Each structure stands twice: as C-alpha cells, then as structure tokens.
Amino acid sequence: MIYQGNNEVSEKGKVDKPTLIFYILFVLLGWLNIYAASFDLENATGLFDLSTRAGMQLVWIGTSFLLAFALLKIDTGFYETYAFLFYLVGIVLLIVTLIVAQDINGSRSWLIIGPVRLQPAEFMKFIIALALAKVFNSYTFRLMERKNLLLISAIILLPVFLVIAQSETGTALVYLSFILVLYREGLPGGFLFMGIAAIIYFILGIRFSDTQMGALSVGEFVTVILIIIFSAAMIWNYIKRLNTSLILLFSVGALFLVAFVVSLFSVKIDWGIVAIIALAFTALYLLFYFIRYRKRTYLYIFLFLIGSFAFVESAEYVFYNVLQPHQQMRIKVTLGMEQDLSGAGYHVGQSKIAIGSGGLTGKGFLNGTQTKLKYVPEQDTDFIFCTIGEEHGFIGATLVLILMMFFVLRLLRLAERQTTMFGRTYGYGVASVFLFHIMVNIGMVIGIMPVIGIPLPFFSYGGSSLWGFTILLFIFLRIDKSRKRN
Amino acid sequence: MNSNSNPLSRRRYVIAAVIVIIILVYVGQLFKLQLMSPQYRDYADSNAFLRRTLYPARGAIYDRNGKLLVYNRPTYDVMMVVREMKQFDTLDFCRTLDIDMERFHALNADMRDRRKNPGYSSYTPQLFMSQLNVEEYGLLQEKLYKFPGIYIQGRTERQYNYSNMGLILGYVAEVDKNKMAADPYYMRGDYVGKSGIELSHEEDLRGEKGVEILLRDAHGRVQGKYEDGAHDKAPVSGKDLTLGIDIDLQAYGEQLMHNKVGAIVMIDPKTGEILCMVSAPTYDPVLLTGKSSDFSDNYRQLVNNPFKPLINRAIAGTYPPGSTFKPAQGLVFLQEGIITPQTLYSCYGGYPPLGGRPACHPHGSPLALQAALATSCNSYFCYGLNAMLNNRSKYESVTAAFDVWRDYMVKLGYGYPLGVDLPSEKGRFIPNSKFYTNFFKTDRWNAHRIISIAIGQGEILATPLQIANMGAMIANRGYYYTPHVVKERKGAALESTYTTRHDSGINREYFELTVEGMADAVTMGTCRGINLSPLVEVCGKTGTSQNPHGDDHSVFMGFAPKDDPQVAIAVLVENGRFGATNAVPIARLMLQKFFRGEIPESDQWLETSIINRAILPHVYTRNLPVNKPSNR
C-alpha cells in the first residue's frame, strides 16, 4: 500500500501558518476568558496579576510558546527513533504516579515534584500517538493481521487501564479516540458501525426503560425494530441484494399491520411479543439464506442480530449494577430522565442557565453574572465555554465552535498531505484527540453529553493540559514542516 | 496508485463529514439554548435556584449512667447576599443587631476578605455575624423585610449540664481555613470539633449536612421549595455518644484535685472503659462556647494561664513513674528466669554495690519479691536489673539484654501512646539500647550506669493513663483492653481496637505473686492509708517520683477488689511528695466514692483536708515570664 500525498503546493520547510494562527488565537482567547471567568467585580485585578488564574495562565502560555519553539528545532527523526522509548517512560511514569500520588479531589493522577505539579496522563496523549505512528510506519505492517491488532490494542489499552486506576476516566476515554486513526488506516467500517449501534441501543434502552409495552420496555421495543432495520440495511449494503432486504422489511411490516388490525377488534395485543416474533422471523430468514446460498455474510448479519439483542438485554443490567450511582446519575441527567439539582444536574443546570442567558450577542466582556464565581463550578477549567456563551452570546459561541471545526479540518488536511505513514497516522492521532476533547467538553457544557471532566483545548486553565496540547500539536507541525515534497 | 482511487482514502470525507455534523448539532443546541429559551434569562436574573444548607444536630453525649452531659441549643447566623442589598438602611440594621457602625464595617471587611473567607462571592449567602440568641433572632426576624439580601441561618450551639471534664469533652469552634482546604465538607461558618471527644469523634458527632432547593422570582424573593422539595436532601443527625465516664466520680475527682496539679485515671479493667479521667487544673467547658468574641477572650486566658489548663495531663503529662514501675520489673525478671519467687536480695538502707545509692528506707533484709513489692525496696530491683543485664549466658551482650527488657516494657503499655480515643495522647519515653549507646558513646556500658530506671526514674517517663493501664493489666493478671472514653456510638459498633485483648506475654502465676505483693503493701506495707477492708480488698503500689521541678511527685497505682477487680486507678499529684502523703488518700476517697457512692463519716475529715490542700508547684510560676522551665 504505497501512499502518495496529494500534490498540494506549499512553501518548503515552513511551519503551517493557518494552524499556527489558530493556535495563537485560541490560546489568547482562552486567556481572556479565564480572566473573565474569575473576574471579581469588587476586587478587580489586572490581566497580568500573577496571583490570579489569568496571570498564571499567562505564565503557562509563555512557557508553552518556548516549548513550541524548542519542539520545532528538534529533528523529526528524533520522534520516530525514540517513539517506543517515550512510550516506555510514559508507562513507567503512570505506574509511579499511581503508587506515589496523593489523593486530590478523588483523583490520584498528580505527580508533585517540589513546586511543580504534573499530570503524566496529559502527556500520554502525544506519546500514544507517536507509538501508534511508529507501529504503522513499519514497512510490512498490515492492520488486519491478528498480531498487529493485538499490538495496537495493547498500546492503547494499557495506558487506558492505568489512567482509569488513577480515577481519571475522562482522560482514559480520550485515548480511545485513537480508534479514528485505525478507521482511517483500514479498520473495517463495520466495527465503527457496531460501536455507534451499541451507543444508540444503550441510549434508547436506558432512556425508555421505565415504561412497558407488554413483554418489552419501550426502549427495548424501539431497539428491536432498529435491529431489524439495521439487518435489512446490511443485506443491502454488503450483499447488494435490495430485493432480499425489501422482502424482509415488508414481511415484518405486514406482521405489525396484521397485529394492528387485530387490535382494532378490541383484542389486547402484546406489542412486545409482536416485536420478538418479528426479530425471530428476521433471524430465521437470515439463517435460511445462509443455508441456501452458503454465503458467510448472512451468518455474520445473523450473529450481529443475536449479539445486538443480547447487548440490549444486558445493557440495562450493566447500567444499574456495574456503573456507580454518580455515573448513572450523570447519564440520566444527560438523557433528561432526572434533574438531580443537588448533584450532577446542578452543574449542568447552572451551565445551561449561564449559556442560555447570553442570548444572541451576550452580556459583554466581564459582564457575565452566572460564571463569576460559584454559580457555575470549575468556571475557568472544564466549564470555560460557559463564559464564552454567556458573555459573547450565540454569535461568539458559534464563532468559536466554527473556528474549532476549521482547526480540526485543517489538521486532517495536513495529515492527508503527509508523505510518510508515520506523519499521516500521527496527524490523525492529533486530530482525533482534539476532536474528542472539543466534542465531549462542549457537549457536556451545553448539556448533550454526560459530565466528563476533560478540558477544552487551549481555553481551559491549567499548565499540564496546555503543555500537553502544545507538545501534541507542535510535534505534528514539525513533522509537517519537513515532509518530502513531490 | 492515486489517492482518490484508494478506497481507504475516501474515508477522510466520512471523517470530515462526521466533524461537520457534530459541530452543526452543537450549533443547533446553542441556538435552542440561547435564542429559543427565554426562561434561562429569567433564571439567570434571579438565579432561580437557591441552595440552602440544612445543618444537622450534632450528636449528644451521655455519661455511663445515661446522664446527659452535652446537648445543643439553637442559635442563628446572619447571612448576607451582597448583590441583593439595595436601599439598605445600615443604621437601622445596626440598631436591630445592637452593634455600632465600626463593628458593622469590621464584620463586613472580614466577610469580604478572601484570605479569611476563600469562598466569598457577592452572589451567594455569606456569613456576616454568627450566633444570635433567640431574642436577637426575634428582633431581626420581625424587621427582615426591611433588609433585602439578609437571611437567617439556623444552627446549634453546644450546651453543658455539668461544669466538669472540659478537657475530655473538648470544644467546637468555627472551622479554620486549613481544615476547609483539606476537607471540602466544611464551609466558612461551619462548626467543627477542636479538641477532646469533639475532635476525635468529629465524624460521628457532626452528622451529614442536608440541602434544600428553593425557587426565587426575578426579584430574588424566595417563592417556596422547588418541586415541593423533591430534590431536597434531609440532614442526618450526628450519632449520640455514651461515655464510659461516670460524671459523679469525675466531678468528685475534680473537686479533690482542686488547687493541685496532676491527674486521676480510673479504668474498668474488664473492658478498658475509662471511668474517670481528671486532669488538674481543668476548665469549665461552657467557657469555650458562645459568641466568637467571648470565646476568644476565654481561650486567650486559658492559653496564658501559667498552670496550662488546656493540657490533659492524664494523657500528655510527663512523669517518671517512680516505684509504680517496680511491679513491671518484678514480672520481667520472673518471666526471664532472672529471679524466682524465692530469690533473696539484701538491702542496707541502699543498693550496696553502688555504696548505698539509690538509697532505701528501713525494712527487713534480706527479702524476696513479694516483700520487696510490699516495702517498695529499691535495692531489690536494682539487683534484679543488674542480674538481667549482666547475664551473659542468656543474652549475648548488654544491649541485647536491654532490648529484651525494653520489648517487655512496650508490651506492658509503656513507651508508645496506648491509642485512647482522645487527641494528643503522648507515648512518653522508654529508652532502647541505641539510646544509651549514643549517650555513652560506646556499646560497652553496664547496668550500674542506668540503674535508676529499675525504680522508674532516670530516663523513664510515662503518662498517668499508662500507669493506670498497668494497674488494669495486673488486675486482669496479664492483659488489658485499650483504654477508651467512648463506650457506645449510637447506630455503630465500637471500633475493634477497643475490643481487642492485648496480652503481656508474661505468665499468670507471676501476676498472682505481684498481686500478693501489692495486697501486702496495702495491709502492712507502704500504702496502708488505702486499706478499705472489710469493705473491699485493695491492692496498691505507691510511688515517689523524683523530678527536676522541685518536690517529688506523689503517685499511686492500684486496683480493687483483689479478686474479680472492678476498677484500676492511678493518681498523680505534682510535687505532692511521698506517695502516701497525697496520692494514697486521694485514691482512697475515689475508691470510697466508687464502691459506696458516698464518703463515710469516718473519712470526712480526710476529704475536707484534701480539698483544702493547695499544692501549686512554683515551677509554673517561677521564672514567669522570662524563661520557660526546661523539661529535663
């Protein structure tokens, strides 16, 4: 698989300017919003006061710029050569942290060396991206070989478990975003589809688990219908037999129609049983085609159907028995099942009030009342987007969102123009991490994702996270700068 | 191969499309929140939800007979939301609270000072002034409608039925900044245990705060509970505690120790429950309650008092145990086979090998262990220690022998804190061989250089609690339960450390012999003053502890009755001279009180005499205020 970059003309050996401009813009906007978020009307402090969060962030920004400059000076070969060594050091640091770290607000992820507090998990992001890139770069690498899949899974999952043990579940989820890299490099789309299907089943199953439709809950009923539709769609997509697929859908539709007509004669119909019959029919239909045509794909779709149903049935059990109460609560709040104003829902509720009260144009810089202390928690770290929404309104918040979108798209474009596998997979790794952070953080603040405490890149207050993101991005810019051109 | 013909390369468009879709969905949500939901603006104007903390009642404390010692009385805090204070009549407000403008501004400045109040915000209720009583609350409540932004927060304050045992109960006070930073449970204005049981059992006593969510209108006025309180969390009251302490015994002990410095500890040997723990001087717990101004005045006075009434001498006092250390010595020598019950040593008014030092008093000679305990012979135990440390057939070196000795002392409860459920217990000191090797700068020292430790002097230091615990150990013939003041926690079992037996590793028969020696001391030896027969057969050991602060300390350790003991006791009177002079009569009166519940007429002259005795060591007042007397 020889890949050639698209022959985009670019200045040789220059750092990609648009990305650099995005970076500087985000960091400065972040700084202003941190100032606004912790601004105190009674004791106004300057933007540069080092005793304030804004002043400290300026220190982090300054050091990040130095870091970025230094990273651009290092030869690309360095990252490639030492990728595995970095990985080893990273894993050792995570283990050491796990052993020596003190409990800070329930998390054991901070390494304290004298006056410096570091979170090794933040730096693991670029380390995993480098290690993955190095693996992909090997000449004989084929992703779908079992040995390679195991290696890739191990590289991603080992730090995931270590970081979960440090009680930083949010950061562990970030590592899982590298699946996007695998998808780009040849992981069958079916995997991704199954992942998405599982999320949809889970959400529907839990959201509508409290009302019954005969033998099934409303959630189960809807997911069973979805499983049948997915199966029909897969027959069409993978076997290219539209007729077979349509016959299945019509049969199931007919079954429901008959049931409906019967119910008009005041016969009580258990719709749950009807759905189960429809599902069983679909399963038999698939088995029949498998035996008749000896086509393996039918068997796979059959297994997908059985697996999906088993997943739906077990999801509820897992939700209520495996997840901890506060995690259940966060998900329920997100799904709109609970308000929980004295716990998780309070934060999201206040966050929505803050953003919602911003209106079209916002209340103006430093004029937000909700985000100034105490109403919105973590207003200068994880909930920094609130300040933007409140003070700059729909226009400001949308602008930031659109800018972030173009930033990630730009990263994809840079990744695609790499001439080495190393460069491209690292680039995709960088884009995945940023995309995941933006999606989860802003999604949480505007109330469509559960509360998962991860920062908004370049905006949230914090040295470790800013340094981590700077390193992640600038290694990529360095690789991009020295790519071979046609 | 061209990239566009590579099927995987097309996936970049799928990924890009997903990104664009996510952003569009988010913009859609922003659109909904910011442009289609006018209620959020209203909520924000009033910040519709007001979270009000509901404070639980702190647990009450009872004595062992169910007498209520500590309970709660309601008080009220004035809370202020600075943002809401418009058209505020400060003068009227000050008049209502009975404070002047100066005080108003000082309180206001304190509230806004982020160093003192890290959680300050002008949008949420902040503590302005604490602890209004019911009358003041009534006055303010009537006029509350005139003062927008002022709220009243109900709380409770500690109340005491007895003026005793301030040191054991401890006090509660407003939480400080460090505690708030360390434990997010606490907010400014919260009360937290600072010493005594209030501190050691803080988590039992404090309960769990509740929360109430109120709905406010656009003017900030409370409209009622949000969804009829469906989201509220009720506070959980603190656990009530029952102490092992008998308040009558405790009060009587404090009365006897009036104008003296020292401690009385009584333990039920069967359970380790502390029946009374007197440390003199002490203070009335009510002094450390009330408004913060009264509190700090009283606190300053107690801190500056030269007799240091804030130190619980029963668990933190530093005393050489003196002759009360001898039973432990006899036990170790017997167990290690250094002596037998029949071994005789002679005494000629002092320890002969060192020319009659340490000195002794007249008694028969030569004598065996039982008689040596009864007469408190110094020479006997010096011989014993010398024989043990010089026994090269049993121990390789003097340091090895000494460390065996030390391990026994630790097992007998000396040298480390026993683990009583009170803060700031001290372990005091039992040296190990390294200590002497460093001290003499050689490991070839011998028993004679450290001989005074055999009689509880020299480097040996113990607390009165450890001495009483040794009494309990002998009473039980070889084991003890960790002494503890809290006997029961309502709704929770006692921690297992207080129900675990600690064994001495010394044979029961040797304890029986020791008991006989201590019984003889009462019937015909050094502490005849505590002979309560025929009421009860008492066993005891006096101590006269030499110290560098003036007259000897008067010490007594004992238990009663001899068979099936119900109480172990230690009494220590600083500078009270011979054990028999002060410690023995005080112990006698305490045992009378314990067994009879009252003092018989025949002993009332003694009671009067003891109560009227003033023994105030001038070590505490000498040198004031220039030099602090050194400890050693």
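Buried means under 20% relative accessible area, with a 1.4 Å probe and protein chains only. Strands are DSSP runs of E with at least two residues, helices are runs of H or I with at least four, and both are numbered from the N terminus.

This is a predicted model, in which local features need pLDDT of at least 70 and side-chain atom pairs count only at pLDDT 80 or more. Residues are numbered from 1 along each chain as its sequence is written.

Look at both sides of β11(B). B:G262, B:I264, B:M266 and B:D268 point one way, and B:A263, B:V265 and B:I267 point the other way.

Now find the neighbours. Strands pair if DSSP finds at least two bridges between them. Seven bridges join β11(B) to the antiparallel strand β12 (residues 273-280) of chain B. Here B:I267 stands opposite B:I274. Six bridges link β11(B) to strand β18 (residues 567-573) of chain B, also antiparallel. In that pairing, B:I264 has B:V571 as its bridge partner.

Next, the helices. The axes of α3 (residues 90-97) and α5 (residues 134-143) of chain B come within 9 Å and cross at roughly 155 degrees. That makes α3(B) roughly antiparallel to α5(B), a label for angles over 145 degrees.

Finally, confidence. pLDDT is the predictor's confidence in each residue, from 0 to 100. Chain B averages 86. Where pLDDT is low, the predicted coordinates should not be read in detail.

Technical notes: Chains are lettered from A and ligands numbered from 1 in the order in which they are written. Side-chain values use heavy atoms; hydrogens and water are left out. Axes are lines fitted to C-alpha atoms, for helices over the stretch in contact, and angles run from 0 to 180 degrees between N-to-C directions. Angles under 35 degrees count as roughly parallel, over 145 as roughly antiparallel, 65 to 115 as roughly perpendicular and the rest as oblique. Buried means under 20% relative accessible area, exposed over 50%, partly exposed in between (1.4 Å probe, protein chains only).
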